[in-house]
Amino acid sequence: MKKQAFTLVEIIVVISIVVLTAIILIPNIIDDNKKLHTISQWKHTYKNIEYVFSAIKAQSTETDKVAIEKTRTNDEREVVLCDLLNPYFRMQSVVDPKTYKTYFKDGSFVNEKSEYYVKNLHTTNSGMVIGVKWLLVPSQAQNSLPIAMITIDLNGLKKPNKWGHDIFGVNIFVDRIEPFGEEYDEMLMKSDCSKKGKGISCASYYNNYGGRLN
């Protein structure tokens, strides 16, 4: 009994299906790999930030405390904080917040009225953009409230400049640091880290539950 050969039409149909499947799947695979790389990069970066602040805390002197206490405005306090961070991050050029536009994960623009708007921005020798924002005067400091925050854009000035994609945040307390969203449970983090969320909690969601992508 002779084997039935495939017709030219059948071969073309099969090839077309394979090509279409590849066209559909390959971009998703590439996108997932980028997300996995971002999560890994952020977790590594956060560990470095933990080390930096533990080192600053261990090496801080009375002079450092006095320098902060003598400041009159949050802008001046941000300068002092930048001076403390600079030996570790090697801050370079100042970034103009008017040209460096940032967005939430849902695509909405982070305007100047937002609590997540940061104007004190610097590039680093590793290509990141670090933002520093002071929140409380020293006399109001308490363990339950962050006194300052820093934002980290992992790929620097390159787009998308979007929270949860390449921008992540860290709250600085008197006695510790925490990634943004640490106060929420997993479900709230996941909701905020979805396409419809702001992406603020992605810092904690990826750090605590890394690899669960949305």
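Me: Why is Arg176 called partly exposed, rather than buried or exposed?

Reply: In this predicted model, Arg176 has a relative accessibility of 32%, and since buried means under 20% and exposed means over 50%, with partly exposed in between, Arg176 counts as partly exposed.

Me: How do you know that Asp175 and Arg176 form a salt bridge?

Reply: A salt bridge asks for a side-chain nitrogen of Lys or Arg within 4 Å of a carboxyl oxygen of Asp or Glu, and the side chains of Asp175 and Arg176 meet at 2.9 Å, N to O, so the pair qualifies. Arg176 also meets Glu178 in a salt bridge, with an N to O distance of 3.0 Å.

Me: What makes Asp175, Arg176 and Glu178 one network?

Reply: The three residues are joined by salt bridges that share partners, as Arg176 is paired with Asp175 and also with Glu178. Asp175, at 36% relative accessibility, counts as partly exposed.

Me: How do you know that Asp106 and Lys198 form a salt bridge, and which parts of the chain does the pair link?

Reply: The closest N and O atoms of Asp106 and Lys198 are 3.6 Å apart, and the cut-off is within 4 Å, so this pair is counted as a salt bridge. The pair links distant parts of the chain, with Asp106 in the loop between strand 1 (91–95) and strand 2 (120–124) and Lys198 in the loop between helix 4 (186–192) and helix 5 (202–209), 92 residues apart. Asp106 is partly exposed, with 34% relative accessibility, and Lys198 is partly exposed with a relative accessible area of 34%. By this rule the count of salt bridges comes to 4.

Me: Why is the link of Cys193 and Cys202 called a disulfide?

Reply: The sulfur atoms of Cys193 and Cys202 are 2.0 Å apart, and a disulfide requires cysteine sulfur atoms within 2.5 Å, so the pair meets the rule. This link is right-handed, with 115 degrees about the S-S bond, and a search of the whole structure finds 1 disulfide.

Me: What makes Cys193 and Cys202 buried?

Reply: Cys193 has a relative accessible area of 0% and Cys202 has a relative accessible area of 0%, while buried means under 20%, so both residues count as buried.

Me: Why is Met149 called buried?

Reply: Met149, in strand 4 (residues 148–153), has 3% relative accessibility, and buried means under 20%, so Met149 counts as buried. Among the residues that Met149 touches, leaving out those up to four places away in sequence, are Val118, Leu135, Val170, Ile172 and Phe180.

Me: Which residues have the most contacts inside the largest nonpolar core, and which element gives its largest share?

Reply: The largest nonpolar core has 47 residues, and those with the most contacts inside it are Trp42, Ile49, Leu85 and Ile150. Helix 1 gives the largest share of this core, 7 residues. Leaving aside neighbours within four places in sequence, Trp42 is in contact with residues including Ile49, Ile152, Leu154, Phe168 and Tyr206.

Note on methods: Residues are numbered from 1 along each chain as its sequence is written. This is a predicted model: local features need pLDDT of at least 70, side-chain atom pairs count only at pLDDT 80 or more; totals for chains, interfaces and linings use all residues. Side-chain values use heavy atoms; hydrogens and water are left out. Helices (H or I, at least four residues) and strands (E, at least two) are DSSP runs, numbered from the N terminus. Buried means under 20% relative accessible area, exposed over 50%, partly exposed in between (1.4 Å probe, protein chains only). Contact means heavy atoms within 4.5 Å. A nonpolar core is a set of buried Ala, Val, Leu, Ile, Met, Phe, Trp, Tyr and Cys residues joined through side-chain atoms within 4.5 Å.
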